[in-house]
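Hi there,

Here is the structure I promised to pass on. Please have a look at it first, and then read my notes below.

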Amino acid sequence: MRGEGNFQNEKMETASQEKIRELQSRRLKEIARHVYSKNPIYRKLFDEHGVSPEDIKSVEDVTKLPLTNKDLLRESYPLGLSCVDRNRIVEMHMSSGSTGTPVVMPYTQGDLDQWAECMARCYRMAGAVPGDAAQITPLFGLFNGGFGMYHGARAAGLFVIPAGPGNTARQIRLARDFKTRVLTGVVSYGIRLMEVMEEMNESLPDLDIGIFGAEVFSDSMKKKISSGLGIEAFDIYGMTESGGVGTLGMDCEAHDGLHVWEDHYIVEVIDPATGEAVDDGKTGELVVTALTREALPVIRFRTADLTKVVSREQCDCGRTHVKIAPITGRIDDMLIIKGVNFFPKQVEQALMQIPGVGANYQIIIEETDGMKDVRINVEAEAGVTGYVVEKALKEALGFSPKGDVYPIGGLPRQEGKAKRVFYKKAGEE
Ligand code: DLL
């Protein structure tokens, strides 16, 4: 298998669960002390919750700590939650999120090294080896995607092509001329690349590994991108709050879950309504505690991302770190139409299985007199009828949404993370 024996930090990636627990216990005690002693907002939060760092004796005690969420980070804008002196901060990233209030993540040099290590593990887990050309297509800027993939590629000893997004024809030439073996991007950029390659009638024989994330990534979309680009596609996870892309792991060659780097993070899955832990195998909200970050370690951060624990056994790839399911979506992404609850990912999964349907689609929620209805527009090759699409969606969702079939290229394209769901009031265009 391609990733077998291919580790960035073999000792840690294959350490026994017992050893990992021991390390997590030690690090949790340290991080609780760190945030409590260095930041007044954290101190107040712990005090109000009636917990002190001395109460934390092992990893199980994580549940004694208060849950936190995006609001805490937003309210402390710009650097109110930082736990180090300002002169130790060497880089920052920021996400604006849907409400527009930014979340800032400052980094010390130690944090950059931690990020690079996590991301480098992902590259190696995908099968990349030192010297491979890695073309990095997410934005280099406040978005953490470009720089995170850069720091990690350097740590893994790769030949970095910091292409950034856009100009897809040039991107394809770069990949051809510099023999790109590893290409990274947001999921919708993988789609874009596939389309332009088809238009240009290009193939990239050296391209072998695609690392995509930042957006929900259904299995059927993964298959489509894999066959379209002639690569093995991996689903990479991370967020501004955890410290960026790759910090929360990726799937290995077994492709049956994302390995979370447990020496750096404690993950819990909770019932979003009660805040209580759910059993392994049950879907809930992922909660993350950063154990090794200095500038802004999140404590029991409610990600709003839905997933479940898939396995805590040693994987065929040799890694021992917990596997979680690919993210279903964010809690607030759930749609309720005509009494049926569903996630955009289910629509994607159903659409991508229809032969001839393209990779771009829109879910439009229309509201008339307080009643919600949904239209699903897709792109498809000639010959794919609305009837075929409707039938597949009915099977997946239990009802038939209206919608139109556009020719390939007929729906608008966006840069960065794709917006798939649109809201419209009656009569609006
Ligand atoms: O999207 C980090 C990233 C960059 C991941 C490039 C992968 C590739 P944010 O902009 O802070 O950071 O957005 C984080 O995006 O809470 C999830 O809701 C979603 N997300 C990230 N990766 C995945 C994934 C980056 N693999 C938010 N599958 C997260 C599903 C993802 N959703």
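Predicted model: local features only at pLDDT ≥ 70, side-chain atom pairs only at ≥ 80, totals over all residues.

The secondary structure of the protein chain consists of eleven helices and 21 strands. For 429 residues, a compact globule would have a radius of gyration near 22 Å, and the protein chain agrees with that at 22 Å. Along the principal axes, its C-alpha atoms fill a box of roughly 65 × 55 × 40 Å.

Of the 429 residues in the protein chain, 55% are buried. Among contacts with a separation of 6 or more, 66% are between residues 24 or more positions apart. The accessible surface is about 18,400 Å², and carbon and sulfur atoms account for 50% of it. As for charge, there are 51 positive and 62 negative side chains, with the centres of the two sets 2 Å apart.

Now to strand E19, which covers residues 371-380. Eight of its ten residues are buried, so E19 is largely enclosed by the rest of the structure.

Which strands does E19 pair with? One is E18 (residues 357-368), which is antiparallel to E19 and joined to it over nine bridges. In that pairing, Met371 of E19 is the bridge partner of Thr368. The two strands form a hairpin with two residues between them, and Asp369 in the turn has a positive phi of about 50°. Another partner is E20 (residues 405-407), which runs parallel to E19 and is joined to it by three bridges. There, Ala380 has Pro407 of E20 as its bridge partner.

How values were computed:
Residues numbered from 1 in each chain as written. Heavy atoms only, no water. Buried < 20%, exposed > 50% of the residue type's maximum accessible area, 1.4 Å probe, protein only. Helix = DSSP H or I, 4+ residues; strand = E, 2+ residues; numbered from the N terminus. Pairing = 2+ DSSP bridges. Rg over C-alpha atoms; globule rule 2.2 N^0.38 Å. Contact = heavy atoms within 4.5 Å. Areas by Shrake-Rupley, 256 points an atom, 1.4 Å probe, with all protein chains shown as cover. Lys, Arg positive; Asp, Glu negative; His and termini not counted. Charge placed at Lys NZ, Arg CZ, Asp CG, Glu CD.
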